Amino acid sequence: DAVAEAAGKSAEDLIARNPATGAELARIAPTPPEEVAAIVASAREAQIGWAAKPWSGRRRPIERLRSLIARDADAWAAALRDEIGKPIGEAAGEVVTTLDSLRWTIRNAGRALADERIGRGWQRLMLVPPARLRWRPLG
């Protein structure tokens with residue numbers, strides 16, 4: 001399409017539209033298939049680094065994310081409204097729920113993710129020694 005090319009946009013771009021109005025929100029260039037493997041490999045490397053961090057090292061980025069979402073809460077709600085077609089009240093509720101989940105994680109994840117000693121209880125009957133339950137971050 002000559003108009004799209006002239007505007008610096010490919011005719012193959014993916015077009016994000018507001019489902020309520022049909023208005024174009026953005027054009028996104030598709031990822032070429034030959035680049036997908038490298039992107040996935042990079043994400044896997046990042047996950048390994050994230051999993052290796054103690055909770056204190058993972059907490060700071062989550063706090064930063066919560067701070068950024070809280071700072072721009074109205075813009076996030078408007079983006080949800082436009083991209084998904086939700087009424088603004090529901091979209092704002094999604095943002096508040098996300099902030100609440102992040103706040104819970106920041107306050108409680110250290111305890112929730114701590115190793116848990118599994119007592120001998122029924123294990124004694126099966127001659128199984130005591131064990132620990134250990135949580136491993138996967139993403």
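Q: How many bridges join strand β1 to strand β2, and in which direction do the strands run?

A: Two strands pair if DSSP finds at least two bridges between them; helices (H or I, at least four residues) and strands (E, at least two) are DSSP runs, numbered from the N terminus. Here β1 (residues 14-17) and β2 (residues 24-28) run antiparallel and are joined by 4 bridges. Between the strands the hairpin has 6 residues, and glycine 22 takes a positive phi near 80°.

Q: On what basis should such features be read?

A: This is a predicted model, in which local features need pLDDT of at least 70 and side-chain atom pairs count only at pLDDT 80 or more, whereas totals for chains, interfaces and linings use all residues. Residues are numbered from 1 along each chain as its sequence is written, and side-chain values use heavy atoms, with hydrogens and water left out.

Q: What average pLDDT does the protein have?

A: pLDDT is the predictor's confidence in each residue, from 0 to 100. The protein averages 88, and 86% of the residues score at least 70. Over residues 1-6 the pLDDT is below 50, and this stretch has 6 contacts (heavy atoms within 4.5 Å) beyond near neighbours in sequence. Where pLDDT is low, the predicted coordinates should not be read in detail.

Q: At what angle do helices α4 and α5 cross?

A: Axes are lines fitted to C-alpha atoms, for helices over the stretch in contact, with angles from 0 to 180 degrees between N-to-C directions. The axes of α4 (residues 73-84) and α5 (residues 88-112) come within 8 Å and cross at roughly 125°. That angle makes α4 oblique to α5 (under 35 degrees is roughly parallel, over 145 roughly antiparallel, 65 to 115 roughly perpendicular, the rest oblique). Residues in this contact include Trp76 and Leu80 of α4 and Ile88 and Val95 of α5.

Q: How does helix α3 pack against α5?

A: Helix α3 (residues 55-71) packs with α5 at an angle of about 160°, their axes 10 Å apart. This makes α3 roughly antiparallel to α5. Among the residues that meet are Trp55 and Ile62 in α3 and Leu99 and Ile106 in α5.
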